[in-house]
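Here are my notes on the model you asked me to look over. Please read them with the sequence and the coordinates open.

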Amino acid sequence: MNMMNFTKTVLKNLFSKPATRNYPAQPKEFFARTRGHVEIEIQSCVFCGLCSKKCPTGAITVERGEKQWSIERFGCIQCGYCVESCPKKCLSMCPPYPQPEAQKPMESYVQPEPEPLEKNEKQENAEQ
């Protein structure tokens, strides 16, 4: 009797698609509202520091004078409070999670200096 139950299970599994996916060849598709990791558009950031103040773990640091924004990826709990509080909307949550590493990296972003205007461009802007 047990042999018949087992045969039924074998035939069912033989002709159905697998329950798992081939992970390295077929990466996971994230849901639309998945909170993965924080990304920044450093060019539009005004370095107000609201994201740093709203971060419950203190993973984000903002240095206004040096125009530097830093995040400790493994200190971040992906809550999204920093994204909600950003007045310029330069922060966003991207689906993939941070990759595992042996050490806790600190990612820093520095806003590039704007290119100086040439003398002719300054005069044109002043005339307008």
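Predicted model: local features only at pLDDT ≥ 70, side-chain atom pairs only at ≥ 80, totals over all residues.

1. Overall make-up. The chain has 128 residues, of which 22% are buried. DSSP runs give four helices and five strands. Read from the N terminus, the elements follow the order α-β-α-β-β-α-β-β-α.

2. Surface and contacts. The accessible surface of the chain is about 10,600 Å², and carbon and sulfur atoms account for 54% of that area.

3. Three strands form an open sheet in the order β2-β3-β5, and their pairing is antiparallel. The edges are β2, residues 60–63, and β5, residues 106–110, each of which pairs on one side only. From one strand to the next, the twist averages 15°.

4. The pairing of β3 with β5. Strand β3 covers residues 68–72 and is joined to β5 by five bridges in the antiparallel sense. Within this pairing, W69 has Y109 of β5 as its bridge partner.

5. Q68. This residue is in strand β3. Its side chain makes a polar contact of 3.3 Å with the side chain of S108. Leaving out residues up to four places away in sequence, Q68 touches F47, T61, V62, E63, S108, Y109 and V110. Of these, T61, V62 and E63 fall in the range of β2 (60–63), while S108, Y109 and V110 fall in that of β5 (106–110).

6. The core. Which members of the largest nonpolar core touch the most other members? They are V38, I40, I60, W69, C82 and L91, out of 17 residues in that core. Two or more core residues come from each of β1 (37–40), β3 and α3 (81–85).

7. C82. Where does C82 make its contacts, once neighbours within four places in sequence are set aside? The residues in contact with C82 are V38, C51, I60 and L91.

Definitions and conventions. Residues numbered from 1 in each chain as written. Heavy atoms only, no water. Pairing = 2+ DSSP bridges. Axes fitted to C-alpha atoms, helices over the stretch in contact; angles between N-to-C directions. Core = buried A, V, L, I, M, F, W, Y, C linked by side-chain atoms within 4.5 Å. Buried < 20%, exposed > 50% of the residue type's maximum accessible area, 1.4 Å probe, protein only. Contact = heavy atoms within 4.5 Å. Polar contact = N/O pair within 3.5 Å; in protein donor to acceptor, adjacent residues only side chain to side chain. Areas by Shrake-Rupley, 256 points an atom, 1.4 Å probe, with all protein chains shown as cover.
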